[in-house]
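Here is my note for a colleague who is new to reading protein models. Please keep the structure open beside the text and look up each residue as it is mentioned.

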Amino acid sequence: MSYKTILVSLNDISRSNTVLALAAGMAAKHEAHLIGLYVIPAPRIYPAVSAHVTPIVLNETKIFFEEKADQSRKAFEKATSAAGVEVEWRRISSDSPYIADGVIEHGLQADVLLISQRNDQGNDGIEPEFCERVVMESGRPVIVVPQSGEFNEIGEHVVVGWNASREATRAVFDAMPMLEGSGETRLIWVDPQKQSEKSGNLPGAEMAATLTRHGVRSIAEAMPTDGIDSGDALLNRASDLGADLIVMGAYGHTRLREFVFGGATRTMLDQMTVPVLMSH
């Protein structure tokens, strides 16, 4: 198995070089078509101030994003010129004020999406709930790249957060092209004693056997804790093992346009130290 269409979101200019290096490497490895996407959102006009928004302000907003788009395109062309892969640049003007809407729309036909972790100090016009919305609404596996660190290649040593849930199962099979090329994949079931009916005597053993049939060298591991957050436990174990990728299901629910995450998903989005492939 392999990913044949990879879409990389490039509105976060501050991390574009790192994300592009990873995306280009993945595209070369999988012989995939690589799409670089920059979204120019519609201006956000709030009812309380709409009467005071002038054409000059709207034009300045448009110029801001167009200049960023040009920077992004140049970075994309530079990063992919020597990669030897089929590439496509897309700069779209969205009818929505939310960048996530454009990424979700264009990501629907991709095998996998690459985005940057939220940058709270960034100045790229990306909405705070961008990552959550792309993960929850795209219907595709999303690799979230941390705000710090360099990751030119991932997938040699993989940690999977496993608990026999629908989301975790989806994540494992969405990640199969990565797992099949890994040196080792370790299924970590955090605190399986809390789900004894599901986990059984050998937590994760059946999924490990399934992965073995795909040619994946996999190990199932139970990880009892002293009550620490499961996301922290996964991050600690990934660090101990020298993992370069974490695979996990994403859990959350919507309340109008507000996304509420808890437990491992929120911890991972806030504190990730290596790229994380999430599926919902």
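**Notes on the predicted model**

1. With a relative accessibility of 7%, Phe65 counts as buried (buried means under 20% relative accessible area, exposed over 50%, and partly exposed in between, with a 1.4 Å probe and protein chains only). Phe65 is found in helix α2, where helices (H or I, at least four residues) and strands (E, at least two) are DSSP runs numbered from the N terminus. Not counting residues up to four places away in sequence, Phe65 touches Tyr38, Val39, Ile40, Pro41, Ile99, Asp124 and Gly125, a contact being heavy atoms within 4.5 Å. Phe65 and Tyr38 are 27 residues apart along the chain, and their C-alpha atoms are separated by 9.2 Å.

2. A word on how to read these values: this is a predicted model, in which local features need pLDDT of at least 70 and side-chain atom pairs count only at pLDDT 80 or more, while totals for chains, interfaces and linings use all residues. Residues are numbered from 1 along each chain as its sequence is written, and side-chain values use heavy atoms, with hydrogens and water left out.

3. Helix α2 (residues 55-80) also holds Ser72, which is buried, with a relative accessible area of 1%. Leaving out residues up to four places away in sequence, Ser72 touches Leu10, Ile13, Tyr38 and Trp89.

4. Helix α3 (residues 99-107) and helix α4 (residues 130-137) have axes that come within 9 Å and cross at roughly 25°; axes are lines fitted to C-alpha atoms, for helices over the stretch in contact, and angles run from 0 to 180 degrees between N-to-C directions. The helices α3 and α4 are therefore roughly parallel to each other (angles under 35 degrees count as roughly parallel, over 145 as roughly antiparallel, 65 to 115 as roughly perpendicular and the rest as oblique). From α3, Ile99, Ala100, Asp101, Val103 and Ile104 meet Phe130, Arg133, Val134 and Glu137 of α4. The residues of this contact divide into six nonpolar, no polar and three charged, where Ala, Val, Leu, Ile, Met, Phe, Trp, Tyr, Cys and Pro count as nonpolar, Asp, Glu, Lys and Arg as charged, and the others, Gly among them, as polar.

5. How many of the eight residues of α4 are buried? Seven of them are, so α4 is largely enclosed by the rest of the structure. After α4 comes Gly139, whose phi is positive, near 70°.

6. The largest nonpolar core has 42 residues, of which Val103, Phe130, Val134, Met268 and Met278 touch the most other members; such a core is a set of buried Ala, Val, Leu, Ile, Met, Phe, Trp, Tyr and Cys residues joined through side-chain atoms within 4.5 Å. Strand β2 (residues 33-40) gives the most to this core, with five residues.

7. Helix α9 (residues 230-241) and helix α10 (residues 263-271) pack at an angle of about 50°, with their axes 7 Å apart, and that makes α9 oblique to α10. The residues in contact are Ser230, Gly231, Asp232, Leu234 and Leu235 of α9 with Ala264, Thr267, Met268 and Gln271 of α10.

8. Finally, two loop residues deserve a look. Glu31, in the loop between α1 (16-30) and β2, has a positive phi of about 55° although it is not a glycine, and at 65% relative accessibility Glu31 counts as exposed. Ala164, which is not a glycine either, has a positive phi of about 60°, and Ala164 is partly exposed, with a relative accessible area of 33%.
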